[in-house]
Amino acid sequence: MGRFSAGVKQHVSAHAEPSALPQPAESETIDAAVPEGEDAHGANGVNGGDAELLKSRLLEAKVRLHRQLIDEIDLSAIEKIPEAELRKQITEMLGEHVLSERLPLNADELDAFADELFDEMTGLGPIEPLLADPTVSDILINTHALVFVERRGQLEQTPVRFKDEAHLLRILNKIVAGVGRRVDESQPMVDARLADGSRVNAVIRPLAVDGPLISIRKFSKKPFSLDKLVEMDSIRPQMCEVLAGAVKGRVTLIVSGGTGSGKTTMLNALSNFISEKERLVTIEDAAELQLQQPHVGRLETRPPNLEGKNEIRQRELVKNALRMRPDRIILGEVRGEEAFDMLQAMNTGHEGSMATIHANNPREAISRLENMVGMAGLNMSEASVRAQIGAAIQLVIQLQRLSDGTRRVTSIAEITGMEGNIIQMQEIFTYVRNHTDDEGKIHGEYRATGVRPKFLNELKAQGIKIPSEHFDPKDPL
């Protein structure tokens with residue numbers, strides 16, 4: 001059991017043997033020596049003021065006990081102890097501590113307190129329950145005192161809070177250290193990820209005026225499929241069939257949308273239609289794609305070190321990926337000079353590659369790509385840049401997070417080539433908003449524009465058939 005067990009038993013034996021600790025009955029309350037004038041009930045039975053006082057005392061006790069464990073115990077030994085034994089050790093120590101602190105807790109509350117302490121020791125403290133909650137898609141920490149979550153597209157405040165700023169920073173440092181990154185006054189912004197692939201962004205003082213701001217974008221353990229998106233009314237089956245055929249037929253595409261519109265979710269869903277015989281290389285700032293193929297090479301950027309050196313940017317990774325014999329390159333998000341190298345890859349035998357981009361509509365996505373190519377510092381004319389884009393990209397999928405919290409595929413557009421210096425684009429499917437009801441829910445419908453995409457001939461030659469009625473504007477989707 002190692003030094004951890006010895007550390008716990010040393011602390012407990014200073015007061016009482018674990019076996020001699022009082023074990024309260026399920027309905028019994030630990031209220032020994034409650035100060036005169038306090039209500040000697042469990043947390044479920046106190047009035048509002050006493051409940052707040054107890055809640056504050058519990059939080060302080062948890063943080064203090066956590067610090068004490070860190071001081072006394074070799075935390076590296078925790079990994080070697082079975083979870084059941086670790087919980088038992090913590091519960092024994094906590095029972096003695098609760099008595100010495102005179103905390104009025106019944107058996108159920110004591111068990112809950114032990115779970116919270118266990119989370120502090122092995123997980124991410126107060127936000128562990130939120131991470132385990134499948135209904136939560138985003139966790140937004142606005143300083144140590146305020147924690148919000150997004151459920152079903154709507155933000156709501158939670159009762160979760162941290163003891164103080166130091167407590168929150170301790171949890172944050174545990175997160176960033178896990179992926180070899182750091183956050184401090186010299187580098188007060190950081191992108192990181194959790195073990196399950198959830199994306200983390202944090203900003204601390206001096207940039208965050210009131211205290212640390214942390215955003216956690218959770219990702220489902222089971223990646224979304226296009227069928228699941230149909231169930232959520234984010235897309236229609238006919239549109240899915242066209243997109244599935246495009247991916248199978250190696251049509252190069254980009255997924256465009258605003259923050260939180262579901263770009264990465266869509267990219268994960270589309271990747272299900274890539275053949276398992278292909279070699280994929282993914283490039284991301286913080287690895288979050290969940291591809292299901294067996295042959296995937298994952299690359300992740302690296303921030304500069306303390307001296308501001310040894311940074312590895314996406315552009316270097318795209319160049320290196322070309323030497324790794326990929327069939328397709330998937331870029332988590334194109335946001336700068338790597339756009340030029342991505343277009344070069346798409347134009348040199350890596351058809352079917354994919355990327356996401358921040359933009360509000362397909363035309364704006366193309367304009368942003370133009371600007372990003374310009375950031376590479378190359379002496380290219382505007383016409384040349386547009387010709388590169390027109391030759392490389394065939395399909396733009398536009399996503400939007402609407403005001404009622406729902407996410408929709410609002411447009412699927414095909415790039416058909418150049419006419420003069422203008423990139424030609426035709427919309428294949430669109431989402432039309434009809435009205436908003438009294439509860440703020442947006443009602444609309446998906447429509448085909450009547451345009452048959454040019455890439456259908458490519459798909460037909462590969463044996464991929466898509467019914468022509470999918471493009472009939474008279475047939476409802």
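Q: What makes strand E16 and strand E17 a pair?
A: Strand E16 (residues 422–436) and strand E17 (residues 442–448) share 7 bridges in the antiparallel sense. Two strands pair if DSSP finds at least two bridges between them, so these 7 bridges meet the rule. Strands themselves are DSSP runs (E, at least two residues), while helices are runs of H or I with at least four, numbered from the N terminus.

The model is predicted, so local features need pLDDT of at least 70 and side-chain atom pairs pLDDT 80 or more, whereas totals for chains, interfaces and linings use all residues. Residues are numbered from 1 along each chain as its sequence is written, and side-chain values use heavy atoms, without hydrogens or water.

Q: Why are strand E5 and strand E6 said to stand at the edges?
A: The open sheet of 6 strands runs E5-E4-E3-E8-E7-E6, with antiparallel pairing. E5 (154–158) and E6 (189–193) each have a single partner strand, so one side of each lacks a neighbour in the sheet. For E5, strand E4 (residues 146–151) is joined to it by 5 bridges.

Q: How do you know that Glu-337 and Arg-313 make a polar contact?
A: Their side chains come to 2.6 Å. A polar contact is a pair of N or O atoms within 3.5 Å; within protein, one must be able to donate a hydrogen and the other to accept it, and residues adjacent in sequence count only if both atoms are side-chain atoms. The 2.6 Å value is therefore within the limit.
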